[in-house]
Amino acid sequence: MPDITFLLPDGTEQGFEAPEGVSLMQAATGYGVPGIVADCGGAATCATCHVYVDPAWIDRLPPPEADELDRLEFTASERRPTSRLSCRVPLTADLQGLVVQVPDEQW
């Protein structure tokens, strides 16, 4: 079970252990992380689960697929080089200690 830390827009942190095999979005919504809206439920059609992955972690994630790259063009907050849709980040033991930042707004 990887430990994950979400850096929230108000400067606070929310961290917890999440089960392997779920997406980062599923973990965030399951633990009530504010700012992860996930309107489409993980279908990568809304971009309301947008996060900024800490640069130290970005190369440890699988690369984004075409549908995710397309959807990242429509994020409400600035798209950055470390932007990902949390619904497309599968949690594995290799992500122990993952840190992501929640953008200021999702829609």
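Rings of Phe, Tyr and Trp pair if their centres lie within 6.5 Å, and planes under 30 degrees apart count as stacked. The model examined here is predicted. By this rule, two aromatic pairs are counted.

The rings of Phe 6 and Phe 16 form one of these pairs. Their centres are 5.7 Å apart and their planes meet at 20°, so the pair is stacked. Phe 6 belongs to strand β1 (residues 3–7) and Phe 16 to strand β2 (residues 13–17), so the contact ties together parts that are ten residues apart in sequence. Phe 6 is buried, with a relative accessible area of 0%. Phe 16 is buried too, with a value of 10%.

Phe 16 also pairs with Tyr 31. Here the ring centres lie 4.0 Å apart and the planes are at 15°, so this pair is stacked as well. Phe 16 sits in strand β2, whereas Tyr 31 lies in the loop between α1 (24–30) and β3 (50–53), so the pair ties together parts that are 15 residues apart in sequence. Tyr 31 is partly exposed, at 39% relative accessibility.

Arg 60 lies over the face of Trp 57, at 4.1 Å from the ring centre. The charged end of Arg 80 is placed over the ring of Tyr 52, 3.8 Å from its centre.

Methods. Residues are numbered from 1 along each chain as its sequence is written. This is a predicted model: local features need pLDDT of at least 70, side-chain atom pairs count only at pLDDT 80 or more; totals for chains, interfaces and linings use all residues. Side-chain values use heavy atoms; hydrogens and water are left out. Rings of Phe, Tyr and Trp (its six-membered ring) pair if their centres lie within 6.5 Å; planes under 30 degrees apart count as stacked, over 60 as edge-to-face and the rest as tilted. Helices (H or I, at least four residues) and strands (E, at least two) are DSSP runs, numbered from the N terminus. Buried means under 20% relative accessible area, exposed over 50%, partly exposed in between (1.4 Å probe, protein chains only). A charge sits over a ring if NZ of Lys or CZ of Arg is within 6 Å of the ring centre and within 35 degrees of the ring normal.
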